[in-house]
There are 2 protein chains.
Amino acid sequence: MAKDFSSFLSAEGASRKKSPLKGLLRFMKGDMVSLGGGLPHPSTFPFYSLSAEIKSVAPTILNDTSGKTSSATSDLVTVPHGPQPGKVESLSASLQYGLGTGIKSLREFCKEHINQMHRPQYQDWDVLLSAGNTDSYSKAIAMLCNRGEKILVEEWTYPAALEMIDPLGVGHIPVTMDGEGMSAVALKDLLDNWGSAPDQAKEAKPRVVYVIPTGQNPTGSTMSIQRRRDIMRVAQEHNLIVIEDDPYYYLQFNVDNGWVPSLLSMDTDGRVIRLDTFSKTLAPGCRVGYMSMNAHFCTIVQNHNEVTTQQPSGFSQTLLAEMLVSHWGQEGYNRYLTENVRTEYLNRSRHLQACFQRHVNSKLATFIEPSAGMFIWIKIHLEHHPQYGTVSDSALMLRLFNKCIENNVLLVPGWQFSCKPKPADFDPADPLGGWFDGQATYLRATFAYASFEQMETAMIRFGESLNEIFSA
Amino acid sequence: MAKDFSSFLSAEGASRKKSPLKGLLRFMKGDMVSLGGGLPHPSTFPFYSLSAEIKSVAPTILNDTSGKTSSATSDLVTVPHGPQPGKVESLSASLQYGLGTGIKSLREFCKEHINQMHRPQYQDWDVLLSAGNTDSYSKAIAMLCNRGEKILVEEWTYPAALEMIDPLGVGHIPVTMDGEGMSAVALKDLLDNWGSAPDQAKEAKPRVVYVIPTGQNPTGSTMSIQRRRDIMRVAQEHNLIVIEDDPYYYLQFNVDNGWVPSLLSMDTDGRVIRLDTFSKTLAPGCRVGYMSMNAHFCTIVQNHNEVTTQQPSGFSQTLLAEMLVSHWGQEGYNRYLTENVRTEYLNRSRHLQACFQRHVNSKLATFIEPSAGMFIWIKIHLEHHPQYGTVSDSALMLRLFNKCIENNVLLVPGWQFSCKPKPADFDPADPLGGWFDGQATYLRATFAYASFEQMETAMIRFGESLNEIFSA
């Protein structure tokens, strides 16, 4: 059973109660006629059926990644208006108001998927659907963090994670990273010695750590099994809640030894809040994610959902359910993830790396080969620039960025992912405003979106830009 | 132009900045190749086309409200995977990450609809999409209210509106209502004399008022034109932001003189935040609403969306856009609202009222005829009970509720909608826990969901329950 984490709840989280209106549902049985809940009648919905042509995941045709519609590689998924024989809710049921957990069929599919993939080690874990990982994350933060508190984060991280919490008055404390993501040693050091640094004297010890363990954004790093164990041991020792944001989990390139174990799979206490999403495996526009965590936390987020987002779109839910439950099944979805999603990103990653090696001078820029995700994290070796030491790193990087723009290639300035304190005159709306020294030497490139030809072009242009700047 | 309401922003609202990542978009022109944003490539989305059978709104067949699928009354809406000739985004574009405003075609349709219906009187108003009205409301509150502040509300209101804000430490102040909703006189009195009551001495004067002006939940009341003018005058005099939550606007029963003017239509300052939703006109499961307000507020909520919900589901957006923009058009949608939605609820309302009159002793229970919405608000005349005065109102109402349950009819206890302070031992999860005196004498019935036969049955059972309790 999960430990009792009630004392970890924020003032908001502790007050997220069930609505009395929902309490009336228990009277709905037998011959009861309700004039209770203010639901519109489904006969008024002007949608009679929903269908989509989807990718077929039959083993023989899965490897066609052309993305083209072809009768040989697609199936027709249809959701009728009224009751249907299968396990999936009808269109009219999915388009009605529902519980803040999401619809039953899709929620159960996700729970069974989590069970098969991660085998949680405690009993009372549960799953509920959200409107995507940023929605999940914002609700986890609301449940756990009061204004004035701070969470632990990787020193480079997903910018929206900080942009979400900063206006809430929830701060962040960067933890040093290495090629395997957040350093467990650094995390332990920081917590073991909490309060000894002058700026920590008045601050409460952090109780929440946010990590992206697989194909980390922006560094592309993936925690080894040992690193995961070490992080979980520190979390247990210092009694931390762990938010495991894992959108790139299925974008692992080498699964010869199986998928890497998640932090959730190592959690014996119910202290991990695992965030999964269909955004990277199916499409961002699904706006469906799911949270796996202890049942108490699930209830609180459900209550929060029921007064804000309610649940994901009924069109999204019923279509995903029909596809996953009735057409693909767990086995088909797993095959799709392994043979399609994973392979697609593996090929893309290899291609961008090959282009880099062909066109970029490896004395001037390097990266650590990613084993998962969408990104390579390019370090610029400014020490080889003729003006290094006389011109600031920041000025040199700005020259490089401008040269790239001039040569029509866009990479993301590394400072945008930095968790270190920003200068006082920092303007977040100015993409060139943050080339501050010490954090200035990285660029992030993604292989997720561009075509193979575009990646080649981009690396040619980037290599030329580097050469031009370094020969100046 | 809208006035400057910057000083009305909460600490959170004032800090909701644009993401630097989005700042890079301005470089995307000409021959630029981007390895910037972490978007998955649309060719990886396993959805090739989307279609739905929808209600046809051709004038001759609109009045068929049977809800049955028939080739004579339905159209097939199809959204292809790739670029299409019409104005609506392709499926692959809608399933990609996008801006926190929602997709262009649907947003513009909504804006034009607002323009035609409400003719805002100032220039720099704008519209953005949300994941439904509760999502819109929660973001308006986040933008405006700090912990410890209070908003003004109708004395009976939508419970989730209070359940949303209470855990945030945002309180509420009930304003007296009459048959036309919130009393402008009471609102003015309260604000004119703010600080004079002992419990107000240390409290900041409220700056936000939340109203449901049309078919109010739970009372069914609708503000007259004069009442709306009066409320807006008080809002202007006392410099209030007005959250106009109007989900039942198109459920007006008498539109011989046109739709009643909205508060937005009377707003010359940009102080109204109008919340519209497709939940009551199309289906709740769309999870699409839209906010109409001054452009500054729109930018802040857009920034908030971009780190939480992002935007509504792409399936919902593209399907609604294709239906509304390419098939129905403004004129077809207006016809649908007028002849279909409005008529459906008018007929339902009339039917429930007729059943009430046939089966319920009008000495024991009465209601004010609603002119919009989904609800009738039934007052129980306990003064006619033989034990009135010797047994508490609360105990009598509990007896009545239990008798209704025993007789298999469910109405909602009025106290669930009360905004007055709750007793200390109040348990929100207990539907019978709140029968406290003074607010105990109402029940809410909805005519939105039950079939006509069920409404008749419900009123027979309710009438019998009343008779049994009052003859005891």
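I began with the salt bridges between domain 1 of chain A and domain 2 of chain A, and in this predicted model I found a count of one. I then looked up a salt bridge by its residues and noted that the side chains of A:Lys420 and A:Glu155 meet in one, at 3.5 Å from N to O.

Next I checked where the two domains run, and the domain assignment of chain A gave me 84-333 for domain 1 and 343-470 for domain 2. Their C-alpha centres lie 29 Å apart, and the contact takes 24 residues from domain 1 and 21 residues from domain 2.

I turned to the area of this interface and read that about 1900 Å² is buried between the two domains, with carbon and sulfur atoms giving 70% of that area. On the side of domain 1, I noted that A:Trp156, A:Pro218 and A:Phe253 supply 39% of the area buried against domain 2, more than any other three residues.

I also looked for polar contacts across the interface, and the rule finds seven residue pairs, with both residues at pLDDT 80 or more. The elements of chain A that give two or more residues to the side of domain 1 touching domain 2 are β5 (150-154), α6 (159-165) and β6 (171-175). When I sorted that side by class, I had nine nonpolar, twelve polar and three charged residues.

Last, I consulted the UniProt record, an unreviewed entry, whose annotation "domain: Aminotransferase class I/classII large" covers residues 94-423 of chain A. I noted that the end C-alpha atoms of this span lie 49 Å apart, and that the span is 39% helix and 16% strand.

Key: Residues numbered from 1 in each chain as written. Chains lettered and ligands numbered in written order. Heavy atoms only, no water. UniProt positions renumbered as here; feature names shortened; annotations may be inferred. Helix = DSSP H or I, 4+ residues; strand = E, 2+ residues; numbered from the N terminus. Domains from an automatic or database assignment. Contact = heavy atoms within 4.5 Å. Buried area = accessible area lost by both parts, 1.4 Å probe. Salt bridge = Lys/Arg side-chain N within 4 Å of Asp/Glu carboxyl O. Polar contact = N/O pair within 3.5 Å; in protein donor to acceptor, adjacent residues only side chain to side chain. Nonpolar A, V, L, I, M, F, W, Y, C, P; charged D, E, K, R; others polar.
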